Amino acid sequence: MTTLHLDWTRCRGRGGCVELLPELIGRDEWGYPLTATDVPVPRALRGAAEQAVRDCPRMALQLSPRFAE
Amino acid sequence: MSDALWYLGRGTGVVSLVLLTLVVALGVATRSGRPLPGLPRFAVTAVHRSASLLAGVFLAIHVGTLLFDPYAGLNLVSLVVPFSAGAHPFWYGLGALGLDLILALVVTSVLRDRIGPRVWRGIHWAAYASWPIALAHGLGSGSDASTGWMLTITGVCVATVLAAVGWRVSERFAEVPDLAPVPVTAPPLVGTGPPEGPR
Ligand code: HEM
Ligand code: SF4
C-alpha cells in the first residue's frame, strides 16, 4: 500500500493536507497536522494524497510506492 | 497585419499585468496559510500555480507578437537580455528583466521537487521584484498607459499588491506562526550569562 510520509522539519502547518485528507489527517490545536509520520493511503484516497503532495506549500509530503501493495 | 500584432501585444500585456497581480496576491495568501472566501487552503496554492502558468502563456504571446511587430523593432536577444533593445532600451529593458525573473520563478516552481525547498524559496523572493519591474515596463512602454481605462486598471493592480504586501508584513499575517512563540511560562532570559552553543 502507498504510504504518505510527512517531513516534520519542513511542515509549517499550512493545513492543505488536512483539508484534502480529512480521513487520514486531523488538525491539532496549533494548526499542525495530526497524524503519524508515515500513513498508509487507501486506494480511494490516492488522488487526494497526490494533490496534497503537489500542493503542500512547504514540500513536506511524499508518497512512497516503495511499500508495494 | 502589423496593426493586429500591435493590438494583440498590447492586449496580452494588459492581461499579463492583471494576472501577475493576482499571482502575487495569491502567493501572499498561500504563504499566510489561511483559506480565502470560497477557496480552501489547498485551492489557494493550486490557483496561485494555475494563474502563474496562465500568466506565462500570456507573456509568451505578448513578447511573441511584439517580436514580429516591425514598429517595436525587437529581436530575440533584446527580449531576454535587459537594456539591449535598439529603441527605448530602458523601458523595453525593464520588460526583458521582468520576463527573465518571471520565467525563472515559473521554471523553478515547476521543477521545485528537483531544486529543493531552500533554493526554490530563495528564488521565489524575486517575485516581489518582478512585479514592480513589470509594472514600470508597462507604464513606460505601453501605448495605452495614459488612457483612463488603463490608469484605472493600473490603479487597481497597484492597490491590490500594496494591500497584499501590507498584509504580508503585518503582525497577524500567518495563521500558524513559523516559529513557535515562546511560552508565557518560559523562565526569564535574564541573568543566565551569554548564550551557549555554536552561533
Ligand atoms: C508554477 C508556478 C508557481 C508555483 C507552483 C508557486 C508556488 C508557490 C507556493 C507553494 C508559495 C508558498 C510558499 C510558502 O508558503 O512558503 C508561493 C508563494 C509566493 N509566490 Fe509563487 N509559485 C509560482 C509562480 C509564481 C510567480 C510567477 C510569482 C510572481 C510573479 C509568484 C509570487 C509569489 C509570491 C509573492 C509568494 C509569497 C512569498 C512570500 O512572501 O513568502 N509565484 N508560490
Ligand atoms: S500541507 Fe504541508 S505544510 Fe501544510 S500542514 Fe500539510 S504537511 Fe504541513
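User: How far is an oxygen atom of ligand 1 from an N or O atom in the side chain of Arg31(B)?

Analyst: A quick note before the number: this is a predicted model, where local features need pLDDT of at least 70, side-chain atom pairs count only at pLDDT 80 or more, and totals for chains, interfaces and linings use all residues. Residues are numbered from 1 along each chain as its sequence is written, chains are lettered from A and ligands numbered from 1 in the order written, and side-chain values use heavy atoms, with hydrogens and water left out. A polar contact is a pair of N or O atoms within 3.5 Å. For Arg31(B) and the ligand 1 oxygen, the distance is 3.4 Å.

User: Which residue has an N or O side-chain atom 2.7 Å from a nitrogen atom of ligand 1?

Analyst: Two histidines of chain B come up here. A polar side-chain atom of His124(B) is 2.8 Å from a nitrogen of ligand 1. The 2.7 Å distance to a ligand 1 nitrogen belongs to His48(B).

User: Why is the ligand 1 site shared between chains?

Analyst: A residue is near a molecule if one of its heavy atoms lies within 4 Å of it. By that rule 26 residues surround ligand 1, and Arg14(A) and His48(B) are among the closest. The site is shared because the residues around ligand 1 come from chains A and B.

User: Which helix gives the most to the shell around ligand 1?

Analyst: Helices here are DSSP runs (H or I, at least four residues), numbered from the N terminus. In chain B, helices H1 (2–32), H2 (41–68), H4 (89–110), H6 (117–124) and H7 (127–141) each supply at least two shell residues. With seven residues, the top contributor is H1(B).

User: What is the angle between the planes of Phe83(B) and Phe90(B)?

Analyst: Rings of Phe, Tyr and Trp (its six-membered ring) pair if their centres lie within 6.5 Å, and planes under 30 degrees apart count as stacked, over 60 as edge-to-face and the rest as tilted. That gives five aromatic pairs over all chains. Phe83(B) and Phe90(B) are a stacked pair, 6.0 Å centre to centre, and the angle is 15 degrees.

Methods:
Polar contact = N/O pair within 3.5 Å; in protein donor to acceptor, adjacent residues only side chain to side chain.
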